[in-house]
Amino acid sequence: MFVPKIYRSEDYQLMKEIISENSFALLISSVGKIRATHAMMMLNEDNPEEIYLESHISRANPQAKALQNGDEVLCDFLGAHTYISSSWYDHINVSTWNYEAVQIYGTVELMNHDELYSHLEKLTSKYENFQQCPMMVKDMGKEFVEKEMKGAFGLKIIPTEIFIKQKLSQNRKENDFQNIISHLENADDNARKIAEKMKLIKK
């Protein structure tokens with residue numbers, strides 16, 4: 001991901017927010033050939049000194065058959081994003097797109113049985129907690145879960161490089177900046193979220 005200095009962020013909390021709210025991300029690898037799988041991912045912060053991503057994909061996936069310990073992968077998270085019309089400027093210019101994104105390069109560590117079981121418990125809990133009648137891993141029975149686990153390929157991604165990008169019209173003069181916000185506030189949810197983020201970077 002190309003990250004010009006004006007759009008670069010070092011905000012760890014922003015990274016966590018983007019990952020948490022956009023957990024269905026792309027797992028990209030280039031072992032043998034370029035492969036990409038949409039997969040659920042979680043940030044593991046049990047040890048603040050050694051954070052890593054957790055994920056799992058189908059064991060039948062060719063990407064799972066290719067990946068081994070130590071291989072490099074790229075995890076791509078796209079946050080809020082919206083179209084920015086050039087008609088909102090007070091001068092002739094090109095239209096663009098405002099967005100937030102995180103990309104994490106890392107090395108693979110394959111999960112063992114217990115790590116995969118724990119990962120599935122945490123992942124299920126995160127999304128089932130909000131259901132009217134939540135179905136947790138413990139409710140499914142260990143025998144059933146372990147049977148299903150045979151088809152899952154669990155992996156940890158240990159970060160080697162982290163890129164956080166906030167492209168929020170920082171290169172626009174104040175009048176255009178405020179005009180963009182006004183238009184976004186009257187659009188869809190993603191646009192309104194970008195408008196709120198734009199307000200925050202001006203505080």
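Colleague: How many positive and negative side chains does the protein have?

Modeller: There are 24 positive and 30 negative side chains. Lys and Arg count as positive and Asp and Glu as negative, with His and the chain ends not counted.

Colleague: And how far apart are the centres of the two sets?

Modeller: They lie 4 Å apart. Each charge is placed at NZ of Lys, CZ of Arg, CG of Asp or CD of Glu.

Colleague: Before I go on, what are the ground rules?

Modeller: This is a predicted model, where local features need pLDDT of at least 70 and side-chain atom pairs count only at pLDDT 80 or more, while totals for chains, interfaces and linings use all residues. Residues are numbered from 1 along each chain as its sequence is written, and side-chain values use heavy atoms, leaving out hydrogens and water.

Colleague: Fine. How many helices and strands are there?

Modeller: The protein has 7 helices and 7 strands. Those are DSSP runs numbered from the N terminus: H or I of at least four residues for helices, E of at least two for strands. From the N terminus on, the order is β-α-β-β-β-α-β-β-α-α-α-β-α-α.

Colleague: What box do the C-alpha atoms fill?

Modeller: Roughly 65 × 45 × 30 Å, taken along the principal axes.

Colleague: What share of the residues is buried?

Modeller: Buried residues make up 41% of the 203. Buried means under 20% relative accessible area, exposed means over 50%, and partly exposed is in between, using a 1.4 Å probe and protein chains only.

Colleague: And the accessible surface, what does that come to?

Modeller: About 11600 Å², with 51% of it belonging to carbon and sulfur atoms. The areas come from Shrake-Rupley with a 1.4 Å probe.

Colleague: Switching to aromatics: how many pairs?

Modeller: The structure holds 2 aromatic pairs. Rings of Phe, Tyr and Trp (its six-membered ring) pair if their centres lie within 6.5 Å; planes under 30 degrees apart are stacked, over 60 edge-to-face, and the rest tilted. In one, the ring centres of Tyr83 and Trp97 are 5.7 Å apart with the planes at 65°, so that pair is edge-to-face.

Colleague: Where do Tyr83 and Trp97 lie?

Modeller: Tyr83 is in strand β5 (residues 72-84) and Trp97 in strand β6 (residues 96-110), so the pair ties together parts 14 residues apart in sequence. Tyr83 is partly exposed at 42% relative accessibility, and Trp97 is partly exposed at 40%.

Colleague: What about Tyr105 and Phe163?

Modeller: Their ring centres are 6.1 Å apart and the planes are at 80°, so this pair is edge-to-face. It links distant parts of the chain, with Tyr105 in strand β6 and Phe163 in strand β7 (residues 152-167), 58 residues apart. Tyr105 is partly exposed at 23%, and Phe163 is partly exposed at 28%.

Colleague: Which charged end sits over the ring of Tyr52?

Modeller: That of Lys156, 5.2 Å from the ring centre. The criterion is NZ of Lys or CZ of Arg within 6 Å of the ring centre and within 35 degrees of the ring normal.

Colleague: Backbone next. What's up with the phi of Ser169?

Modeller: Phi is near 60°, a positive value in a residue other than glycine. Ser169 lies in the loop between β7 and α6 (174-184).

Colleague: Is Ser169 buried or exposed?

Modeller: Buried, with a relative accessible area of 3%.

Colleague: Now Met15. Where is it, and what does it contact?

Modeller: Met15 is in helix α1 (residues 12-21) and is buried at 2% relative accessibility. Leaving aside neighbours within four places in sequence, Met15 is in contact (heavy atoms within 4.5 Å) with Leu43, Ile51, Val102, Ile104, Ile162 and Ile164.

Colleague: And Gln63, what does that touch?

Modeller: Not counting residues up to four places away, Gln63 touches Leu27, Ile28, Ser29, Arg35, Ala36, Thr37 and Ile57. Gln63 is found in helix α2 (residues 62-66) and is buried, at 0% relative accessibility.

Colleague: Last one: what does Ile6 touch?

Modeller: Gln170 and Asn171, again not counting residues up to four places away. Ile6 is in the segment before β1 (8-9) and is partly exposed at 43%. The C-alpha atoms of Ile6 and Leu168 are separated by 9.7 Å, though these residues are 162 apart along the chain.
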